[in-house]
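The sequence and the structure come next, followed by the points grouped by topic.

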Amino acid sequence: MRSSGFATDPDIRELVAFRTAGQDFCIDILSVREIRGWSRPALLPHAPSYVQGVINLRGAVVPILDLARRLGLEPIEDKDRNVIIVAAIQNRTVGLLVEAVTDILGVPASGIQPTPDLASEATRSMLRGVVVQDSRLIRLLDVAQLLPPADDAAA
Amino acid sequence: MSLRILAIDDSLTMREMLRQTLTEAGFDVVLAEDGIDGLTQLPDVAPDLILTDLNMPNMDGFGLIEAVRAGDVAPRVPILVLTTESAATLKERARQAGATGWITKPFDEHSLVSTIRRVAAV
Amino acid sequence: MAGAIDLKDIFFVEAEELLSALEEGLRAIQTGAQEADTVNAVFRAVHSIKGGAGAFDLKPLVNFAHRFETVLDALRGGQLQPEPALLGALLHSSDHLADMINASRNGTETDPELDQRVIVALEAQAGMGGHKEEEAFVFEPLALDGPFGMDLSALPLTSLLRKVTLTFRPHSGAFASGHDPAFLLRDLCGTDEVEVELDQSALPVPGGFDPGQSYLGWTVTLQTERSDREILAIFDFIEGNCDLTLEAEAETPPDPDGPLPETSLAPSAPVVVAAAPVAAPPKPVAPPKSPDAPAAASPQPASSAPSASTGPRPTIRVDIDRVDRLVDILGELVIHQAMLTEAIEQSPGFGSVEVDRSLDQLRQLSRQIQESVMAIRAQPVKPLFDRMHRIVREASMAAGKSARLVTEGESTEVDKTIIERLADPLTHMIRNSVDHGLEKPARRDEIGKPTEGVVKLSAAHRSGRIVITVQDDGAGIDRDKVRQIAIEKGLVPPNAELSPQEIDALLFLPGFSTATEVSALSGRGVGMDVVRSEIAGLGGRVGIASVRGQGTTLTISLPLTLAVLDGMVFEAAGQTLVLPVSTIIETLRPDIMMRHTLGRTDSVLDVRGRCLPLIDVGAALGFRRTLKPGEGEIVVVVERGDDGAIALMVDGIRDQRQVVIKGLEANYGQIPGIAAATVLGDGSVALIVDPSDLAAIGPNPSRPNVFLAAE
């Protein structure tokens with residue numbers, strides 16, 4: 001996955017950019033394990049609505065999250081045409097269901113701006129900042145926040 | 001040709017340590033787990049020197065030394081006993097059984113090699 | 001070339017084995033074993049630990065082991081008798097030695113004061129009191145044994161050559177002991193200026209020569225800086241097997257600042273420090289060996305050469321990662337075999353006898369490989385059971401009770417991972433039995449029981465599972481009290497009608513504790529609920545049975561392996577799911593007359609007069625609303641251990657096959673009603689249902705513990 005052209009400058013961060021629910025997002029390439037097509041997951045009982053179920057990823061059982069729904073946006077409809085970004089988040093492997101991967105960006109640290117105040121608190125907490133590229137606003141996700149906090153789940 | 005040593009100790013740690021230390025020092029090492037094992041291997045190994053622990057199951061070091069001395073495979077091979085005891089009685093017993101000398105554990109490569117050198121051509 | 005294996009790792013692995021041999025030996029002595037072999041083995045275990053610890057310079061451990069060993073040596077020599085009090089102290093020391101080794105494996109040390117207390121208590125028990133810290137055993141480095149490691153810096157810098165004359169004549173016994181005078185002379189001469197005179201006067205006339213005899217002697221005159229001690233040290237190995245005399249000019253006094261007394265040895269006066277056996281030799285060197293070895297020194301007979309077949313069977317040590325890798329590959333094999341079978345069954349060629357036979361053979365081979373691989377991972381429960389002796393000792397001591405652990409079926413083999421993960425729950429169960437099960441000695445005496453309580457731990461294989469029981473001969477469960485507490489804590493309504501089994505099951509509710517006073521050991525906030533969930537995490541169940549006045553029995557039932565299970569694949573609400581075959585009692589198609597409604601939502605199924613709770617799996621898992629009567633197709637009756645049977649409503653049964661167990665915890669978390677997941681022949685995931693958990697969920701389950709695994 002990694003394109004070697006970018007990695008030379010340590011100041012440049014490589015980000016995988018993708019679209020879902022009509023918005024642009026990106027995550028650090030270092031947390032991406034692979035990108036794969038949709039396959040029908042087995043449903044998980046009593047799971048939060050954004051958990052689509054689990055799939056078999058070369059022998060490992062990996063949960064799939066609908067990212068749009070996780071962010072409180074319109075859930076993805078036509079799943080067959082969408083992709084799963086398999087990401088490593090805090091020692092766990094999780095699949096993020098998104099509409100399409102659009103780009104791999106090389107962004108200097110200075111190119112990442114703080115999240116504007118306009119965003120709702122729920123959305124803000126899951127963003128690390130934003131990147132403006134070719135007049136597009138790309139939201140940098142804080143992947144660790146995608147999983148619900150432990151005490152919330154324990155309650 | 002490097003010196004061939006039959007090293008006998010029931011402790012896995014000790015055997016592995018002997019193997020590493022002696023091999024590093026350039027010796028040819030064959031390991032045995034107790035007196036019986038050592039005695040069984042003796043004809044095949046034909047060692048230039050035997051290093052043996054004293055306290056072992058099945059056949060202890062004293063038994064081994066007496067058996068080697070009484071046998072006809074290598075009755076005059078130098079035998080050094082490995083012992084954590086510095087107690088005179090044990091050394092004396094080993095000597096009576098026919099041990100050539102002793103090495104007190106713990107040992108390092110230097111002390112091991114210098115003691116071997118005292119009783120065998122290195 | 002074998003790489004340098006980390007010796008310390010080897011030491012700790014070996015130490016663990018030695019510790020269990022030590023404890024086992026001590027226990028055998030406790031139960032009356034008199035064989036010298038047992039005492040020897042116990043001594044050797046501590047001795048080997050000391051040796052290894054010395055090699056890694058673990059001083060507190062060496063010191064402790066040395067003093068421990070000294071007591072064991074006295075026991076071995078018959079100076080001490082294995083009385084109960086001494087054995088208690090020995091076992092306590094063995095426990096502490098285990099703690100010390102554990103600590104040092106973790107790079108820490110136990111409290112030195114505690115080390116001291118434990119070992120002094122042992123020495124006091126052995127009548128060896130008065131061992132002071134200063135006298136603690138210190139390893140004598142080899143340097144003191146031989147001349148080559150001498151601390152040269154201690155020698156005076158101003159060189160003072162002395163003339164030393166040595167006469168040396170080996171006895172013939174020297175050759176028999178492997179000595180070679182050439183090496184001694186080489187070391188004696190060193191780099192000094194020497195004059196050597198050979199005395200061959202004893203050589204026999206030609207023809208009378210015996211190569212085993214000693215005929216030669218040497219007189220060596222050295223100009224040397226070496227001290228008498230250094231020179232004599234060269235001969236320490238051959239001491240007693242030679243005649244040796246040394247005459248020397250006086251050495252430089254050790255303290256160069258001190259005045260040289262006029263009356264000290266004149267340079268000309270020869271000093272005889274060692275003499276031929278005819279003269280009584282002075283102290284520092286070589287008492288001649290007495291021809292009669294003392295009886296105590298007579299070694300074991302060397303003639304008992306064993307036949308090769310009597311030895312233990314050869315074993316190899318394998319890195320567990322390699323075995324785990326094999327298990328993983330095997331899992332893939334099982335999945336692909338299922339895929340292949342599925343593909344062939346759907347292809348036009350299906351039905352050919354050859355293909356059918358080959359598939360069948362493949363299935364059998366794969367099962368055989370599986371059993372073989374599992375056998376590699378299987379280990380006897382003995383080491384686990386052995387550790388429980390200590391738990392009983394400590395728990396009974398802390399609770400002021402007298403208790404003994406009896407074990408049974410120690411050779412029963414179980415998967416290594418299961419054994420490892422059983423340690424905590426089993427420890428807690430055993431503590432619980434001592435703390436809450438057994439009565440105090442006075443009470444036992446009162447009611448005519450032996451004052452020493454017995455906790456029996458046993459393991460056995462039973463129909464493809466392993467069953468472990470912890471049984472005490474204590475008071476049994478006080479059900480009135482349990483019920484009372486449960487009501488006080490609001491766990492059950494005050495008017496609840498509870499069967500004895502239901503009351504016993506209350507003990508497994510979170511937070512339940514019957515101890516009116518929190519004991520030192522059990523009062524750690526760990527209840528039987530934790531035991532239950534830990535066992536459930538292993539795919540097992542815990543049951544409890546009790547007879548008032550006679551004791552309580554806890555039963556754990558576990559799968560033999562964590563890797564594969566025989567599963568029944570079924571459909572519910574459009575999902576493919578798996579039930580462990582071991583839980584299934586029967587499968588039936590109920591007619592509507594068998595089904596009854598209780599309350600608003602609960603249903604029961606009348607199976608030959610037995611009313612079982614009826615659960616729609618699809619609804620219990622939240623995949624659909626509960627089916628109306630008449631909609632259910634098939635019912636699978638499953639058992640839930642001591643909780644009795646339940647009836648599960650499913651939509652259809654696909655087949656029965658082996659499935660590879662995949663944990664959900666690593667990437668997701670625990671899900672109520674679900675034990676694990678598996679991968680089916682088409683590569684899709686199917687969840688494995690845990691029936692004992694399913695009934696407890698109800699229509700509105702609490703929020704699942706998702707995404708907790710990493711915390």
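A residue counts as buried when its relative accessible area is under 20%, and as exposed when that value is over 50%. The model is predicted. Seven aromatic pairs are found over all chains in a search of the whole structure.

**Aromatic pairs around C:Phe168**

- C:Phe168 and C:Trp218 make a stacked pair, with 6.0 Å from centre to centre and 20 degrees between the planes.
- C:Phe168 belongs to strand β1 (residues 162-170) of chain C and C:Trp218 to strand β3 (residues 217-224) of chain C, so this pair ties together parts that are 50 residues apart in sequence.
- C:Phe168 has 2% relative accessibility and therefore counts as buried, the limit being under 20%.
- C:Trp218 also counts as buried, because its relative accessibility is 14%.
- The ring of C:Phe168 pairs with that of C:Phe235 as well: the centres are 5.0 Å apart and the planes stand at 55 degrees, so this pair is tilted.
- C:Phe235 counts as buried, because its relative accessibility is 1%.

**Other aromatic features**

- One aromatic cluster is formed by C:Phe11, C:Phe12 and C:Phe56.
- In chain B, the ring of B:Phe62 has the charged end of B:Arg93 over it, 3.8 Å from the ring centre.
- In chain C, the ring of C:Phe43 has the charged end of C:Arg76 over it, 3.7 Å from the ring centre.

**Nonpolar cores**

- In soluble globular proteins, nonpolar side chains tend to be buried together.
- The largest nonpolar core here has 84 residues.
- The residues with the most contacts inside this core are B:Ile50, B:Leu51, B:Ile116, C:Leu22, C:Phe68, C:Leu90 and C:Leu97.
- Helix α1 (residues 7-30) of chain C gives the largest share of this core, 10 residues.
- Another core, of 53 residues, lies apart from it and includes A:Val16, A:Ile27, A:Val32 and A:Val61.
- With neighbours within four places in sequence left aside, the contacts of B:Ile50 include B:Leu6, B:Ile8, B:Leu42, B:Leu64 and B:Val68. Also among them are B:Val77, B:Pro78, B:Ile79 and B:Leu80.

**B:Leu64**

- B:Leu64 is placed in helix α3 (residues 61-70) of chain B.
- B:Leu64 counts as buried, because its relative accessibility is 1%.
- Not counting residues up to four places away in sequence, B:Leu64 touches B:Ile8, B:Gly35, B:Gly38, B:Leu39, B:Ile50, B:Thr52 and B:Met59.
- From B:Leu64 to B:Ala97 the C-alpha to C-alpha separation is 9.0 Å in space, and the two are 33 residues apart in sequence.

**A sheet in chain C**

- Six strands of chain C form an open sheet with mixed pairing, in the order β14-β18-β19-β17-β16-β15.
- Strands β14 (584-588) and β15 (595-598) of chain C are the edge strands, and each of them pairs on one side only.
- From one strand to the next, the twist averages 35 degrees.
- Strand β17 (residues 610-616) of chain C pairs with strand β19 (residues 645-650) of chain C in the parallel sense, over three bridges.
- C:Leu614 has C:Ala647 in β19(C) as its bridge partner.

Technical notes: Residues are numbered from 1 along each chain as its sequence is written. Chains are lettered from A and ligands numbered from 1 in the order in which they are written. This is a predicted model: local features need pLDDT of at least 70, side-chain atom pairs count only at pLDDT 80 or more; totals for chains, interfaces and linings use all residues. Side-chain values use heavy atoms; hydrogens and water are left out. Rings of Phe, Tyr and Trp (its six-membered ring) pair if their centres lie within 6.5 Å; planes under 30 degrees apart count as stacked, over 60 as edge-to-face and the rest as tilted. Helices (H or I, at least four residues) and strands (E, at least two) are DSSP runs, numbered from the N terminus. Buried means under 20% relative accessible area, exposed over 50%, partly exposed in between (1.4 Å probe, protein chains only). A charge sits over a ring if NZ of Lys or CZ of Arg is within 6 Å of the ring centre and within 35 degrees of the ring normal. A nonpolar core is a set of buried Ala, Val, Leu, Ile, Met, Phe, Trp, Tyr and Cys residues joined through side-chain atoms within 4.5 Å. Contact means heavy atoms within 4.5 Å. Two strands pair if DSSP finds at least two bridges between them. Axes are lines fitted to C-alpha atoms, for helices over the stretch in contact, and angles run from 0 to 180 degrees between N-to-C directions.
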